[in-house]
Each structure stands twice: as structure tokens, then as C-alpha cells.
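Welcome, and please open your viewer. We will go from one selection to the next, with a short note at each stop.

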Amino acid sequence: MAMVINPNSDPLSIDIPRWTWMVMALAAFASYVMLQESGWLTSHWMVLHEAFHDGRHALGFPCH
């Protein structure tokens, strides 16, 4: 089997679309809020607050 190598292409270069960086940033921010939020943002929405609280317990993060 013959392998064709293009000398003009960088084998370590990966083209990542710009929107994936925004999705990754949003996911990182959502994870931070879920793991660090202690009621300041979600105190008026108790269902969301309890979901974050249970999520912290499920992931093994101490929260109280």
C-alpha cells in the first residue's frame, strides 16, 4: 500500500471552527457556575438551585 504525503500540509495542524471555541467557553462558564454558585444567582429559582446543589454532590464536589 502506498502512502501519499503532501509536503505543503502540516500533519500536526487541526482546523477548529471558531464556533467551537465559543461553545467551549460557554460550557466552562456553565460548569464554573454550577460548581461554585451557592445561591447568589439561583436563590429566586429554587428548582435550579437544587439541581445545581445535587449536581455538585453527584460530581463529588463539597458544597457544605
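The stops below go from the whole chain to single residues.

**Before you start.** This is a predicted model, in which local features need pLDDT of at least 70, side-chain atom pairs count only at pLDDT 80 or more, and totals for chains, interfaces and linings use all residues. Residues are numbered from 1 along each chain as its sequence is written, and side-chain values use heavy atoms, with hydrogens and water left out.

**Stop 1: the whole chain.** Show everything as a cartoon and you will find two helices and zero strands. Helices (H or I, at least four residues) and strands (E, at least two) are DSSP runs, numbered from the N terminus. Of the 64 residues, 16% count as buried. Buried means under 20% relative accessible area, exposed over 50%, and partly exposed in between (1.4 Å probe, protein chains only).

**Stop 2: a patch on the surface.** Select Ile14, Ile16, Trp21 and Met24, which make up a nonpolar surface patch with about 460 Å² of accessible area together. Patches are made of residues with over 30% relative accessible area and no salt bridge; like charges are joined within 9 Å, nonpolar side chains (Val, Leu, Ile, Met, Phe, Trp, Tyr) within 5 Å. A salt bridge is a side-chain nitrogen of Lys or Arg within 4 Å of a carboxyl oxygen of Asp or Glu. Trp21 belongs to helix α1 (residues 18–36) and counts as partly exposed because its relative accessibility is 47%.

**Stop 3: where the helices cross.** Next, colour α1 and helix α2 (residues 46–59): their axes come within 8 Å and cross at roughly 95°. The two helices are therefore roughly perpendicular to each other, a label for angles of 65 to 115 degrees. Axes are lines fitted to C-alpha atoms, for helices over the stretch in contact, and angles run from 0 to 180 degrees between N-to-C directions. Show the side chains of Val33, Met34 and Leu35 in α1, which meet Phe52, Arg56 and Leu59 in α2. Contact means heavy atoms within 4.5 Å.

**Stop 4: Arg56.** Is Arg56 buried or exposed? Arg56 is buried, because its relative accessible area is 4%. Beyond its neighbours within four places in sequence, Arg56 has contacts that include Glu37 and Phe61.

**Stop 5: His53 and Cys63.** Stay in α2 and pick His53, which counts as buried because its relative accessibility is 18%. Then move to Cys63 in the segment after α2. Cys63 is partly exposed, as its relative accessible area is 29%. From C-alpha to C-alpha, Cys63 and His53 are 7.6 Å apart in space and ten residues apart in sequence. Not counting residues up to four places away in sequence, Cys63 touches His53, Arg56 and His57.

Methods
Accessible areas come from the Shrake-Rupley method with a 1.4 Å probe; for residues, only the protein chains shown count as cover. Angles under 35 degrees count as roughly parallel, over 145 as roughly antiparallel, 65 to 115 as roughly perpendicular and the rest as oblique.
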